[in-house]
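Here is a short report on a protein model. Look at the sequence and structure first, then read on.

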Amino acid sequence: MEKAIIEKIVKASGVSSGELILIHFWGEDTDKYIANRFLEAVVSLGATPILLQQSRSMNKNIFTSAKDSCFNKKYFDLFDTFDAVLDVFTYQPVILGYEIEKDQYRLYHRYMSELFSKLVKLKRFAQIRIPTIENAKESGLESDDYISRMTLAYDVDYVTLRASCEDMVNRYSQSDTIVLHTGENCKLYFEIRGRNWQIDAGDGDLPCGEIYIAPIENKTQGSIFFETLFIEDVGRFENILFEVIDGQIVHSNHEIVNTFLNRLPANEKIVCELGIGMNPNIHSLCGYTLLDEKMAGTFHIAIGANTMFGGKNEASNHIDLVGNGQIEF
């Protein structure tokens with residue numbers, strides 16, 4: 001990733017003078033130059049960076065011989081001093097990638113669990129997927145396509161993006177009810193009274209660019225149409241129509257999609273989110289939700305958990321469904 005894009009990302013994440021920033025880097029020494037660029041970008045903003053590297057090969061060696069006394073409370077209490085974390089990964093985090101003895105893996109699992117319990121309590125936690133061949137594997141895209149799409153999505157004008165998100169939130173916050181128009185004569189009504197719109201413009205899960213809200217869980221009513229619908233780990237479908245009653249998706253017009261829905265418990269079929277994509281550097285849907293839901297001009301609804309952004313529906317999954325439509329408020 002180019003130095004100039006990293007500088008834009010770090011600034012957009014909210015780093016300010018005097019802060020103590022943890023660069024939490026998931027990668028091998030061959031990619032450490034990327035972590036160094038984040039360190040340099042943090043310093044240029046007057047903040048102090050500290051690097052914690054999570055190399056799979058290094059962690060294999062460490063936790064093969066680690067003892068119960070290693071990584072105790074004194075170690076984890078150190079993280080209370082940080083203002084924010086930039087969680088930068090060149091490959092999928094947490095996965096060790098090596099076989100080690102069961103008791104040693106237990107120590108590794110405990111270490112990761114306690115570490116993240118500290119990091120998520122910091123003022124800001126930004127996750128940054130570096131456009132690499134390894135990360136492309138998780139996306140389902142060809143590596144060249146993934147890298148080009150991700151790089152372009154990162155290389156956005158973050159100041160303009162945040163201003164656009166704030167303007168949209170100011171407009172939508174005047175309404176208690178949102179109507180989503182899709183297809184021909186399909187309307188989905190969301191009740192949002194008492195719920196707050198959230199902005200993702202650089203300080204959350206990157207690439208960024210969306211506003212979103214948790215609608216009142218049992219109030220969403222109507223129907224919604226997707227000309228093309230990607231459902232993660234299920235497939236791509238055309239001309240899908242959903243019926244929503246009392247906040248729950250109850251039926252679709254496609255047998256495979258209905259089979260998918262029927263496998264879900266009731267709480268994982270609740271419409272838990274309405275989001276609007278705002279990133280102008282994402283130009284087409286590709287089936288990779290992280291990009292699709294941020295594409296300017298799209299909406300997404302989600303089913304499942306929403307307690308992390310103001311909702312009340314507890315569930316084990318959060319599944320985003322991205323489409324095109326018009327908002328009335």
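## A charged pair between strands

Is Arg 129 buried or exposed? Arg 129 is buried, at 13% relative accessibility. Buried means under 20% relative accessible area, exposed over 50% and partly exposed in between, with a 1.4 Å probe and protein chains only. Its salt-bridge partner is Asp 205, at 2.7 Å from N to O. Asp 205 lies in strand S8 and Arg 129 in strand S4, so the pair ties together parts 76 residues apart in sequence. Asp 205 is partly exposed, at 26%.

This is a predicted model: local features need pLDDT of at least 70, side-chain atom pairs count only at pLDDT 80 or more, and totals for chains, interfaces and linings use all residues. Residues are numbered from 1 along each chain as its sequence is written, and side-chain values use heavy atoms, without hydrogens and water.

## Other salt bridges

The whole structure holds 19 salt bridges. Each is a side-chain nitrogen of Lys or Arg within 4 Å of a carboxyl oxygen of Asp or Glu. One of them joins Asp 83 and Lys 123 at 3.5 Å, N to O. These two sit in separate loops, 40 residues apart. Lys 123 is exposed, at 59% relative accessibility.

Lys 137 and Glu 134 form another, at 2.9 Å from N to O. Both lie in helix H6, three residues apart, about one turn of the helix. Helices (H or I, at least four residues) and strands (E, at least two) are DSSP runs, numbered from the N terminus.

Six strands form an open sheet in the order S12-S11-S10-S6-S5-S16, with antiparallel pairing. Two strands pair if DSSP finds at least two bridges between them. S12 and S16 stand at the edges with a single partner strand each, so one side of each has no neighbour in the sheet.

Helix H9 spans residues 255–263, and its buried residues are Val 257, Asn 258, Phe 260 and Leu 261. They lie on the same side of H9, because they cover an arc of only 155° around the axis. That arc is taken from the directions from the helix axis to the C-beta atoms. Glu 255, Asn 262 and Arg 263 are exposed on the other side. The buried residues pack against strands S10, S11, S12 and S15, where contact means heavy atoms within 4.5 Å.

## Cysteines

There are zero disulfides, defined as cysteine sulfur pairs within 2.5 Å. Cys 165 is buried, at 0% relative accessibility.
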